[in-house]
Amino acid sequence: MADLSEADKQIMYRDARVSGKYDEIWQSVGKCVFCDLNDKYVFYEENGVVMTVALFAYIDGHFMIIPRRHVRSVKDLTPSEWETMRKFMYIAKKLIRETHGIKGMQIVQKDGATAQSTVEHIHFHCVPFDQPDLNTWHYRQLDHTPAENAAMYQDKHEKIAKLSQRFAKKYQDD
Ligand SMILES: [Zn+2]
């Protein structure tokens with residue numbers, strides 16, 4: 001990549017998702033890319049949280065909300081970081097509409113080994129959503145009725161209450 005001109009690099013980034021280059025590049029990244037953000041793409045920052053354009057965007061206008069600190073999960077965010085992220089999500093939708101004329105937005109945060117790539121630095125994708133072609137859901141034949149699905153979670157009420165208490169104790173200030 002070092003031998004590419006800046007203009008060629010920009011085109012490579014633009015096309016990487018469809019050219020297959022992305023997968024190739026991804027294999028060779030050794031460090032945490034979100035600890036090492038290029039300030040050229042960061043367009044706003046408050047309280048240690050940034051909004052930055054995605055280098056390998058899904059769609060024009062796609063950007064990310066990322067805390068500067070290398071944390072893996074929402075539970076590791078400070079109240080100040082979370083409050084800032086909440087504000088940025090609010091801003092994001094308006095910004096996409098203002099900039100791209102697109103009224104819809106998906107916020108995507110992949111969590112867990114089967115959903116997440118190699119990045120262990122939490123980030124929220126803000127993806128302009130105009131047509132459902134960007135991600136197609138493949139619905140599955142269900143094993144359970146809605147009432148059965150609800151019952152399975154309702155049975156876990158005690159567990160949920162315990163998790164809520166645990167979260168408050170471990171990750172929230174008084
Ligand atoms: Zn990191």
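A residue is counted as buried if 20 or more other C-beta atoms lie within 10 Å of its own; by this criterion, 13% of the 174 residues of the chain are buried.

**Figure 1. Overview of the predicted chain.** The model is predicted, with a mean pLDDT of 90 and 94% of residues at 70 or more. Five helices and five strands make up the secondary structure, and from the N terminus their order is α-α-β-β-β-α-β-β-α-α. Along the principal axes, the C-alpha atoms occupy a box of roughly 60 × 45 × 35 Å. Of the contacts with a separation of 6 or more, 55% link residues 24 or more positions apart.

**Figure 2. Confidence in helix 2 and strand 3.** The lowest mean pLDDT among the elements, 71, belongs to helix 2 (residues 21-28). The highest, 97, is found in strand 3 (residues 63-67). Where pLDDT is low, the predicted coordinates should not be read in detail.

**Figure 3. Strand 1, strand 2 and the loop between them.** The antiparallel strands 1 and 2 are joined by four bridges. Tyrosine 44 is placed opposite methionine 51 of strand 2. The loop that lies between strand 1 (42-46) and strand 2 contains asparagine 47. Most residues other than glycine have a negative phi. The phi of asparagine 47, by contrast, is positive, near 50°. Asparagine 47 has 16 other C-beta atoms within 10 Å and is therefore partly exposed, since that class lies between the limits of 12 or fewer for exposed and 20 or more for buried residues.

**Figure 4. The largest nonpolar core.** This core comprises 15 residues, of which Met64, Ile65, Phe88, Ala92 and Cys126 touch the most other members. At least two core residues come from each of strand 2 (49-53), strand 3, helix 3 (79-100) and strand 5 (124-129).

**Figure 5. Surroundings of cysteine 126.** With residues up to four places away in sequence left out, cysteine 126 touches Phe63, Met64, Ile65, Ala92, Ile96, Met105 and Ile107. Cys126 is also among the core residues that touch the most other members.

Note on methods
Residues are numbered from 1 along each chain as its sequence is written. This is a predicted model: local features need pLDDT of at least 70, side-chain atom pairs count only at pLDDT 80 or more; totals for chains, interfaces and linings use all residues. pLDDT is the predictor's confidence in each residue, from 0 to 100. A nonpolar core is a set of buried Ala, Val, Leu, Ile, Met, Phe, Trp, Tyr and Cys residues joined through C-beta atoms within 7 Å. Two residues are in contact if their C-beta atoms, placed from the backbone, lie within 7 Å. Two strands pair if DSSP finds at least two bridges between them.
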